[in-house]
Amino acid sequence: MIILDFHSKTPIYEQIEEQVMLMVRRGVYKPHDRLPSTRSLASELKLNVNTVKRAFQELEAKGVTYSQPGRGVFISENAAGASRLFRRSRPLCARRRQTG
């Protein structure tokens with residue numbers, strides 16, 4: 001279950017990324033598990049499809065997921081390692097964003 005904070009300064013697509021990576025680290029999602037479709041997740045969260053699509057694109061760029069056209073988005077083999085790597089770099093990115 002993805003929980004969003006609409007009052008946060010963190011963009012919604014980044015919150016989705018973080019939530020998916022957290023679920024990978026906790027074992028909710030395992031390698032090759034299929035994520036909900038962008039349309040169904042957008043509908044469930046009451047978001048624009050493009051917001052969810054961007055989150056999924058970012059996750060794929062980070063190696064957390066992979067997509068199969070016509071089949072969906074899946075958790076990659078190295079998702080747990082990739083999500084830990086990006087979790088550690090997150091505070092530095094946040095500090096850079098705050099300082100400009």
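User: In which helix is glutamate 17 found?

Analyst: Glutamate 17 is found in helix H1, where a helix is a DSSP run of H or I with at least four residues, a strand is a run of E with at least two, and both are numbered from the N terminus. Before going on, please note that this is a predicted model, in which local features need pLDDT of at least 70 and side-chain atom pairs count only at pLDDT 80 or more, while totals for chains, interfaces and linings use all residues. Residues are numbered from 1 along each chain as its sequence is written, and side-chain values use heavy atoms, with hydrogens and water left out.

User: Why is glutamate 17 called buried?

Analyst: A residue counts as buried under 20% relative accessible area, as exposed over 50%, and as partly exposed in between, with a 1.4 Å probe and protein chains only. Glutamate 17 has 2% relative accessibility, so it counts as buried. Leaving aside residues up to four places away in sequence, glutamate 17 touches Ala55, Glu58, Leu59 and Lys62, where a contact means heavy atoms within 4.5 Å.

User: What makes H1 largely enclosed by the rest of the structure?

Analyst: 10 of the 14 residues of H1 are buried, and therefore the helix is largely enclosed by the rest of the structure. Among these buried residues are Tyr13, Ile16, Val20 and Val24.

User: Which residues of H3 are buried, and what makes them line one face of the helix?

Analyst: The buried residues of H3 are Val52, Ala55, Phe56 and Leu59. Seen down the axis of H3, they fall within an arc of 95°, so they line one face of the helix; the arc is that of the directions from the helix axis to the C-beta atoms. As background, an α-helix has 3.6 residues a turn, so residues three or four places apart point the same way. The buried residues of H3 pack against H1, H2, S1 and S2, whereas the face turned away from them carries the exposed residues Asn50 and Ala61.

User: Which residues of H2 are buried, and which are exposed on the other side?

Analyst: In H2, Leu41, Ala42 and Leu45 are buried. They fall within an arc of 100° seen down the axis of H2, so they too line one face of their helix. On the other side of H2, Arg39, Ser43 and Glu44 are exposed, and what covers the buried residues of H2 includes H1 and H3.

User: What makes a set of residues a nonpolar core, and which residues have the most contacts inside the largest one?

Analyst: A nonpolar core is a set of buried Ala, Val, Leu, Ile, Met, Phe, Trp, Tyr and Cys residues joined through side-chain atoms within 4.5 Å. The largest one has 23 residues, and Ile2 and Ile16 have the most contacts inside it. Helix H1, helix H2, helix H3 and S2 each supply at least two residues of this core, and H1 gives the most, with 7 residues. Isoleucine 2 touches residues including Ile16, Val20, Leu41 and Leu45.

User: How do you know that S1 and S2 pair?

Analyst: Two strands pair if DSSP finds at least two bridges between them. Strand S1 (residues 65-68) and strand S2 (residues 72-75) are joined by 4 bridges and run antiparallel, so by the definition they pair.

User: Why is isoleucine 75 called buried?

Analyst: Isoleucine 75, whose place is in strand S2, has a relative accessible area of 0%, so it is buried. Isoleucine 75 touches residues including Val20, Val24, Tyr29 and Leu35.
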